[in-house]
Amino acid sequence: MATDPDSPRVLATFMFEADAQHLADHLGSLGITAKVMGAQLLTIAPELLPQVQVIVRAADLERAQAAREELARDNPRMW
């Protein structure tokens, strides 16, 4: 069964919204649509371990992974 190219895939998970947004912004600059999910939980239940995720389309996942790896080389503190 073929995967729907528009289905959401988790690219990365962060503890801090700013790090997730940084990655999403970088992906956006490359033409890859990315959404940051889970940040709202930080204000609702701050005692929970934050799980802020960057979500991309399945069709963009490989390209997004390559972009994330490149960004990680330039910003090792994020990973």
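Analyst: This is a predicted model. The chain averages a pLDDT of 87, and 82% of the residues score at least 70; pLDDT is the predictor's confidence in each residue, from 0 to 100. Local features need pLDDT of at least 70 and side-chain atom pairs count only at pLDDT 80 or more, while totals for chains, interfaces and linings use all residues. Residues are numbered from 1 along each chain as its sequence is written, and side-chain values use heavy atoms, with hydrogens and water left out.

User: What makes a stretch count as a helix or a strand?

Analyst: Both are DSSP runs, numbered from the N terminus: helices are H or I over at least four residues, strands are E over at least two. By that rule the chain has three helices and three strands, in the pattern β-α-β-α-β-α along the sequence.

User: Why is the contact between D6 and R57 called a salt bridge?

Analyst: The term requires a side-chain nitrogen of Lys or Arg within 4 Å of a carboxyl oxygen of Asp or Glu. For D6 and R57 the N to O distance is 2.8 Å, so the pair qualifies. D6 lies in the segment before β1 (8-14) and R57 in strand β3 (residues 52-57), so the bridge ties together parts that are 51 residues apart in sequence.

User: What is the distance between the closest N and O atoms of D60 and R57?

Analyst: They are 3.3 Å apart, and D60 forms a salt bridge with R57. Salt bridges with shared partners join D6, R57 and D60 into one network.

User: Why does H26 count as buried?

Analyst: H26, found in helix α1, has 18% relative accessibility, so H26 falls under the 20% limit. Contact means heavy atoms within 4.5 Å; leaving aside neighbours within four places in sequence, H26 is in contact with A67 and L71.

User: What makes a group of residues a nonpolar core?

Analyst: The members must be buried Ala, Val, Leu, Ile, Met, Phe, Trp, Tyr or Cys residues, joined through side-chain atoms within 4.5 Å. The largest such core here has 16 residues, and those with the most contacts inside it are L11, L23, L27, V54 and V56. β1, α1 (17-29), β3 and α3 (61-74) each supply at least two of its residues. The largest share, four residues, comes from α1.

User: How do you know which strands pair?

Analyst: Two strands pair if DSSP finds at least two bridges between them. β2 and β3 have four bridges, so they qualify, and their pairing is antiparallel. A34 stands opposite V56 in β3.

User: Why are β1 and β2 edge strands?

Analyst: The three strands form an open sheet in the order β1-β3-β2, with antiparallel pairing. β1 and β2 (34-37) each have a single partner strand, so one side of each is left without a neighbour in the sheet. The twist averages 30 degrees from one strand to the next; axes are lines fitted to C-alpha atoms, for helices over the stretch in contact, and angles run from 0 to 180 degrees between N-to-C directions.

Key:
Buried < 20%, exposed > 50% of the residue type's maximum accessible area, 1.4 Å probe, protein only.
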